Amino acid sequence: MPAIELRNIRNYVFSNLNMKVLDGELLVVLGPNGAGKTTLLNIMAGLVDYEGTVLFDGIPMDKISTNERHIGYLFQNLALFPHLDVFSNVGYSLRVKGRKKEEMARKVNELLRLMKIEHLKCRYPRNLSGGEKQRVALARALATSPKALLLDEPFNSLDTEMCKCLRREIRQVQKTMGITTVFVTHNLADAEEMGDRFAVLNNGKIQEVISRGIFLLQSGEDESDSSAKFHDCSQCTIGCHCTSIEQDYESADSPTYCLPTLMKS
Amino acid sequence: MKIKNVMLGILPVMVFVALWEGIAQLNMVPQYLFPPFSSVMMEFYHLVASGVLLDNLLSSLVRVIAGFLMGSVAGIVMGMGMGCKEVINKSFHPIFGLLYPIPALGWAPLLMIWIGIDEMLPITLIFLCSFFPVLYNTITGIKGVDKEVIKAAKTLGASDRKILTTVILPLAMPNIFTGLRLEAGMAWRVVIAAEMVAIPTGIGALMMKSESLLNVEVIIVCLMVLSVMCLAFERFFQYMEKKITREWV
């Protein structure tokens, strides 16, 4: 049984979206800006209105409010609570659920250790670096022991080295804890390192779902270019076949790729 | 460095007092109109020793605290409602928008007729003077809270009530405190004015009595007390604001 299933989802972005995320897997949803990636996560989280059905472990979630869906959500801008220190940020979900102080302290310390940020527990978000904030946000999302983890382009504001490091750490934590995870991104490097399966989202439609093996095979020829990004087809600079607009190949500094081009065998 | 800063603050005051004393002692203006600083201090001592100053100060203080507390609490509660629920905001905004520009003292004649000339008059005036600025600062603070942070709290299992008390209200605090700080001083100005025109006790009333007796020393003592109280109230809220928000603002 899939851990997350979306059936006939319709709203201002999607016309009839169907999608399954298998239990314990990390599904990467790839797509250009404006494809509906964040909206997709918001639907799973119950943060936006939609028609259709969202199921977690076969149970419909549509009538269940966000705060009762038991999800961990890593927002694009992280959305740490600026008025709480790291310890309180991570322990927030336990506090609002009325857990005992001892239980909360034990769980929070465990997560801080896991994310290697124990030494930061008294600091406030404004005094943290980008990578540290990322770790705090992930620890906070995991504190609820969520059924599903939703990651919304969490590496956007980080440098390449920090990005690599955190990708590995998040992947390791996700595997260790076995949490079903949906990770949306427009960055191929992030996708390649993180995903078990890959769904390609464009213009509010899932165009293709592929396994890790096929994805690596297809993207292998482009491995030398770590800056490969998805973008609007109309701006493709390497001969995109999904648009009739003629491209000026000579003017491109570095090649970029649009979705259908990458996914062509 | 700290001593130097303190001296820099005190020095102008000392120069001002010295000039005041010197000019008054020259008798260019009759001393009953422009008394020297030393006479004012003597009057201050007599007023404190006789208990007159403290009695009147206490009367004013109780009015300020009562009116300010009620106005602030009402402003914060209403502001929370209007900031969080658009339907409340839309319902009340037009009426508050019309009432807000009226200066608190502008209500005095009407309130004299409606509630009479008693303790409730200055308290009501202070309520009106505190309510609107605290209300609008609270609305601004609440509407300014990052929507993503609210969403994050929801995904972490917080109910709407918990989000309000643990996220929205704390993050709106800097704005709420700005309103409180500005209106704390204003409350003193309003109570003095109300006591001058209608109430027989309090610092304002003491000033009016002294005016009829041409007792300029007492008027100056009252003005000095008023200045200190305004400053003390503003500083208190400044201190509280810093204490609560200094780690994260």
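This is a predicted model: local features need pLDDT of at least 70, side-chain atom pairs count only at pLDDT 80 or more; totals for chains, interfaces and linings use all residues.
Colleague: What order do the four strands of the open sheet in chain A have?
Modeller: The order is E2-E1-E4-E5, with antiparallel pairing. Strands (E, at least two residues) and helices (H or I, at least four) are DSSP runs, numbered from the N terminus, and two strands pair if DSSP finds at least two bridges between them.

Colleague: Which strands stand at the edges?
Modeller: Strand E2 (17-21) and strand E5 (59-60) of chain A do. Each has a single partner strand, so one side of each is left without a neighbour in the sheet.

Colleague: Now chain B. How many helices and strands has it?
Modeller: Chain B has ten helices and zero strands. Its radius of gyration, taken over C-alpha atoms, is 22 Å, well over the 18 Å that the globule rule (2.2 Å times the number of residues to the power 0.38) gives for 249 residues, so chain B is more spread out than a compact globule. The C-alpha atoms fill a box of roughly 75 × 55 × 30 Å along the principal axes.

Colleague: At what angle do H3 and H8 of chain B cross?
Modeller: The axes of H3 (residues 52-84) and H8 (residues 160-197) of chain B cross at roughly 145 degrees and come within 9 Å. Axes are lines fitted to C-alpha atoms over the stretch in contact, and angles run from 0 to 180 degrees between N-to-C directions.

Colleague: Which residues make that contact?
Modeller: They include B:Gly67, B:Phe68 and B:Ile76 of H3(B), and B:Leu180, B:Ala184 and B:Trp188 of H8(B). Two residues are in contact if their C-beta atoms, placed from the backbone, lie within 7 Å. The residues of this contact divide into 13 nonpolar, three polar and two charged.

Colleague: Which residues of H9(B) are buried?
Modeller: In helix H9 (residues 203-212) of chain B, these are B:Ile203, B:Gly204, B:Ala205, B:Leu206 and B:Met207. A residue is buried if 20 or more other C-beta atoms lie within 10 Å of its own, exposed if 12 or fewer, and partly exposed in between. The buried residues of H9(B) pack against H3, H8 and helix H10 (216-245) of chain B.

Colleague: And B:Met196, what does it touch?
Modeller: Leaving out residues up to four places away in sequence, B:Met196 touches B:Gly204, B:Met207 and B:Met208. B:Met196 lies in helix H8 of chain B and is partly exposed, with 16 other C-beta atoms within 10 Å.

Colleague: Last topic: how many residues does the contact take from chain B and from chain A?
Modeller: The contact takes 18 residues from chain B and 20 residues from chain A. On the side of chain B that touches chain A, the largest share, six residues, comes from H7(B).

Technical notes. Residues are numbered from 1 along each chain as its sequence is written. Chains are lettered from A and ligands numbered from 1 in the order in which they are written. Ala, Val, Leu, Ile, Met, Phe, Trp, Tyr, Cys and Pro count as nonpolar, Asp, Glu, Lys and Arg as charged, and the others, Gly among them, as polar.
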